[in-house]
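Welcome! Please take a look at the structure below, and then let us walk through a few of its parts together.

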Amino acid sequence: MKTMTKIISARFDIEGNHKLGGYKSNGGYQSLDKLFSMQPDEVIDEVKKSGLRGRGGAGFPTGMKWSFVPKNIDKPKYLCVNADEGEPGTFKDRMILDFDPHALIEGIMICCYAVGIETAYVYIRGEYDHQIARFSAAVGAAYDAGVIGKGAMKGRNLDIVVHKGAGAYICGEETGLIESLEGKKGQPRPKPPFPAVEGVFGCPTVVNNVETIAALPWIMNNGADAYAAIGTEKSTGTMLFSISGMVERPGVYEGTFGVNLWDFIEESTGGIKDGKKLKAVIPGGSSSPILTAEEARNTALDYESIAAAGSMVGSGAIMVLDEDTCIVKALEVITRFYAHESCGQCPPCREGTHWLHQIAKRIRAGKGRPEDIDLISSICPDMMGRTVCVLADAAAMPTASYIEKFRHEFEAFIDTASPPVRHLQPGGVNPEVGRL
Amino acid sequence: MSVKVRIDGIDYEAQEGKLLIDVCADNGIDVPHFCYHPGLGPDGNCRMCQVEFVTARGSRLGVSCKATVTDGMEVLTQSEQAKRARASVEEFLLLNHPLDCPICDKAGECTLQNYYMEHDLEDSRMDFTRHKKGKAMDIGPTLILDQERCVLCDRCVRFLRDVAGDPQLHIASRGHAAFITTFPGQEVTSAYSLNTVDLCPVGALTAKDFRFASANWFMKNTPTVCTTCSRGCSMQLQTRPDENRVVRFRPRHNAEVNGYWSCDGGRLDYHFVNENRITRPFVRTDDNIFECSQQEAIGSMRTALGLTPAGKVEGSGSAKAVLLASATCTLEELYLLKRIGNDLLSAPVFVARHIPDGVEDDLLRRADRHPNVRGAELLGLQVVDFTGDGPAANPVRDALGAQGVLVCVGFNRHVTPGVYAAVDHAARVIALSACETRLTEAADVVIPGLTWAEKDGLVVNFEGHVQRLKAGMHAEGVSEWKILDNFIASLTGSEAHEFVTHIRQAIGSSESAFAGVDLAKVGPHGTRATAQPVG
């Protein structure tokens, strides 16, 4: 894209950038002099001014999150970098861990300096073996070079601990992550108290996504105003989008907020594969409500516009569905995922996700009943906003949107027991794609 | 600080920072809940206590067990939104709940059942096969687990981990497949395990002891006290009036003594009440036993002590007598014995600790397994220790002398060598006992008494807390206080007392340790004796 600004992904393609020397020669760790010349509060104000919002899914203003951490408290404070990256369709943080690990370390230093933290935990998704190795090597190199460690931050210590997750989606939820980090079963905690007040080991904790932290060095180097100038008024800066699905070149692309959603997809990925027609776009990971082709073409890519269209930017995982994609099958797949990943604390989620999946499975198997569609529609509102964390919402929101926007496909599946999409038989296996 | 909270349109005063669900309960508004328990604190997982919070930014749903009250807070517990939220939680919980209520111990006192009546009353909308999980699993010496009935409220897990300090249950797996279980190869052996049965809002955890014993609507509840150790936990005695037997014994809340809990030992220590009972007074001659009436028995008791009834002139003075009471006796019984010993017979009165010490812990259990040692001390009676294998020094035996008559009261169980040594030494033995023991086998006069389940009386726990035993069932015998009171009346010619409260009033007016304590009006939670023990 012509107007594309590269902030996070600027160094992804540079050979050897993942090593300390390479990173330094590409302008790495240059923000530190400025950082240490500022007061911690000034850093927080700077981040607030930049308008940076959390890139993990919720889009909460980062500077504000930091300012919730109590200042004068005799407990230690912690930073948890959320690298669990479990949202289906999301694969952007792995790029940072793989190709720009030192940017994350530099960002961690900025956050820790601003908030007064001496220990940062980086909770990395268990399947990311290669990324864990890469990032651990980077942390080791930073320790060896004295970038982090004892007295590294203007006399203050900074330790970075890499923690490997064990594969549960729910451990990407900030309090589930904290429980898991403490060695417990990953189950979200009721909020309040928020982690900023009571997090890891009962101490004030900042939980930020990898990408959020990795954006900090650029903000320090170029100033908050420069960052705020990019994008729209409320959605500032750029974001990494993991684009997958039926497009020519799926991958991670950095986008500036405010551009047209479909234009961005088309320009970065080359559009729909094999010249097929667009059916729908899931803009922010599997938890976000689906957008029809028309909605996707008429929506700008920023937090507010996508929210106005009835969905969310989420983790920036854009999934493109072409005309051959079966929505009924898509529903069965995502409901299976949420039923499997529900931690089981709250009845609406524990029972609701499983029930939705059972119904979706029945419809897809060609045994659906006409009343099943309304049943799904009535279960979803009972799951939303009723639980400790938002996993139930994450399951119910897309489900409700699939039914609402593609009701005719479900009806066709139930009425005639013949699928509206040519290569999918109810209950059968797609010969081209294989069983999902 | 006191704040004003508006609940369902009515303003209430509440203490700031208190949990909303507690404030509601204090004001008689019962917010449905499964996982919250005042003894365990909030967990927030069941989502049943959702209410509608009305704020300046509109209304939203939230759980009332996690919300602390603030000034000006406004909540609606019965709004359509709140009721819908709770009804949906109820529906979700019932989706896979087995329909075995007719054979479930919990039926009738099951929270899930009650809330179904309150919220839903609809047929299930789910027509898939229900989950299959473990049924009737033997998970320890006291408990049976039914995983299908479980609503995963985590109460049992939290109780064992946070209160009892025995983390022996946990939730395994996740999502709809999650279930309560023990750790591999281990059992629930906590001394407090049966509290989990009370805590369980459904019939997932049931007590082996109570399993299929009775439907709860047939049971009569009597507030009483546990007499198994010197803690004296406040308890609820549950009996079957039609069968006149104890079916369950479980704690009731008393912040002063036991909180919400009691130990398994105390709960299960009721079986002797139904066993080996003496039903008729009898007199033993050399080789024969003669059953007799109560009055005849009291007459025999008098004769054995060499006494004559009031008004009779003849007689040559009493025999050397020693009174020995068990420390399980009530305060009234001990007081009457003290009167007999001091005022009528000039006989020494001893109170025996005769039940071997148990295990003591930081939560509730006390090593001293007598409910009323402190009461004896407050009355100024001498307490002797007969818990061992027979002490070298036996003050009771020494006091008896060569021709002494021993009056034993309340030794329903545990006639230890110390007690027996005194019995053996006595020329004649008079026993007031509810159960057949070595003592009643040796006694010359036996008068049946009552166990704690059948009598009224006061006991004083180790901290000086006075609580009331209440009769939950009837028995053939007569309460010991009445026997002793009749005995006194027969000697002095005075009128026997009709009610035990008269004895309590007498204790209050004549015993300095209970001055200022209205023993006649001891409520269900008891009262604190003000004075320190004499001596």
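Here is a short tour of domains, a chain contact and a sheet.

Keep in mind that this is a predicted model.

| Domain | Residues |
|---|---|
| Domain 1 of chain A | 20-229 |
| Domain 2 of chain A | 238-322 |
| Domain 3 of chain A | 327-415 |

Taken over C-alpha atoms, the centres of domain 1 and domain 3 of chain A are separated by 34 Å. In the contact between these two, domain 1 of chain A takes part with 10 residues and domain 3 of chain A with seven residues. On the side of domain 1 of chain A that touches domain 3 of chain A, six residues are nonpolar, three are polar and one is charged.

Next come the two chains together. Chain A brings 23 residues into contact with 22 residues of chain B. On the side of chain A that touches chain B, at least two residues each come from helix H15 (327-341), helix H16 (347-364) and helix H17 (370-383) of chain A. Among these, H16(A) gives the most, with nine residues. By kind, that side of chain A holds nine nonpolar, 10 polar and four charged residues.

Finally, turn to chain B, where three strands form an open sheet in the order E22-E23-E24, with antiparallel pairing. Strands E22 (457-460) and E24 (527-528) of chain B each have a single partner strand, so one side of each is left without a neighbour in the sheet. Four bridges join E22(B) to strand E23 (residues 465-469) of chain B in the antiparallel sense. B:Gly457 has B:Leu469 in E23(B) as its bridge partner.

Definitions and conventions: Residues are numbered from 1 along each chain as its sequence is written. Chains are lettered from A and ligands numbered from 1 in the order in which they are written. This is a predicted model: local features need pLDDT of at least 70, side-chain atom pairs count only at pLDDT 80 or more; totals for chains, interfaces and linings use all residues. Two strands pair if DSSP finds at least two bridges between them. Domain bounds come from an automatic or database domain assignment. Ala, Val, Leu, Ile, Met, Phe, Trp, Tyr, Cys and Pro count as nonpolar, Asp, Glu, Lys and Arg as charged, and the others, Gly among them, as polar.
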